[in-house]
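The entries are kept in the order in which I looked things up.

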Amino acid sequence: MFSGGLDSTAMLVKLLAQDHDELRVHHIRMINREDRADAEQSAVERIVAWCREHYRPFRYSESGLDFAELEAIPIDYLSIAFVACQVAIDTPRCDRIAVAALTRDTDIENRSARQRRVFDTLYECYRAPKLGEPEVQWIYPVYHSTKAELAAALPPALVELTWSCRRPVREAEQWRPCGACKACLARQGI
């Protein structure tokens with residue numbers, strides 16, 4: 001699952017460089033009142049193009065969820081679990097889903113466990129008629145890394161393409177990070 005942020009970009013590069021399995025990269029365009037979908041989409045497109053030029057081939061797909069009319073911001077990990085289930089079903093021989101969660105993420109152990117439970121429940125509905133793999137593992141390739149380590153492991157040009165701000169400020173046809181959200185604060189000093 002790929003967002004275009006520093007964490008998911010580092011995970012993508014790690015999987016492209018260290019693994020030789022067929023790889024499907026999937027981006028969920030999540031529209032909500034934070035209004036970050038366009039900024040993320042732009043980053044995703046540039047990163048995918050850069051990685052295709054510099055690494056081995058991979059399959060790319062995307063889907064969208066539109067929550068613009070909701071007052072509350074939906075819980076990302078539940079949306080990711082739902083879409084990951086659909087992507088796993090749509091990907092022959094899919095037996096792993098990679099997520100770019102970090103240990104520093106708030107309550108990551110419990111959130112990851114809840115996400116996997118949601119996925120397992122959804123996926124079980126498809127396994128019953130014998131579709132899909134008998135088991136799909138969730139892997140966390142960059143789990144023990146810090147933001148600084150992830151940035152240092154990537155080519156500087158690729159780091160510049162990533163997007164992490166949750167509340168971007170639009171200026172003409174460009175976006176700039178707000179500098180105050182949790183994601184912006186986590187990237188300070190990189």
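I worked on a predicted model, in which local features need pLDDT of at least 70, side-chain atom pairs count only at pLDDT 80 or more, and totals for chains, interfaces and linings use all residues. Residues are numbered from 1 along each chain as its sequence is written, and side-chain values use heavy atoms, with hydrogens and water left out.

**Cysteines.** I searched the whole structure for disulfides (a pair of cysteine sulfur atoms within 2.5 Å) and found zero. For Cys 184, the closest cysteine sulfur is that of Cys 165, at 3.6 Å, which is too far for a bond. For Cys 94, the closest is in Cys 85, at 10.0 Å, again too far. I then checked burial (buried is under 20% relative accessible area, exposed over 50%, partly exposed in between; 1.4 Å probe, protein chains only). Cys 184 is buried at 10%, and Cys 94 is buried at 12%.

**Aromatic pairs.** I counted ring pairs of Phe, Tyr and Trp (its six-membered ring), with centres within 6.5 Å; planes under 30 degrees apart are stacked, over 60 edge-to-face, the rest tilted. The count is three. Trp 50 and Tyr 55 have centres 6.1 Å apart and planes at 50°, so I noted the pair as tilted. Trp 50 is buried at 16%, whereas Tyr 55 is partly exposed at 23%. Phe 119 and Trp 138 form an edge-to-face pair, 5.3 Å between centres and 80° between planes. Both residues, Phe 119 and Trp 138, are buried.

**Charge over a ring.** I applied the criterion that NZ of Lys or CZ of Arg is within 6 Å of the ring centre and within 35 degrees of the ring normal. The charged end of Arg 52 sits over the ring of Phe 58, 5.0 Å from its centre.
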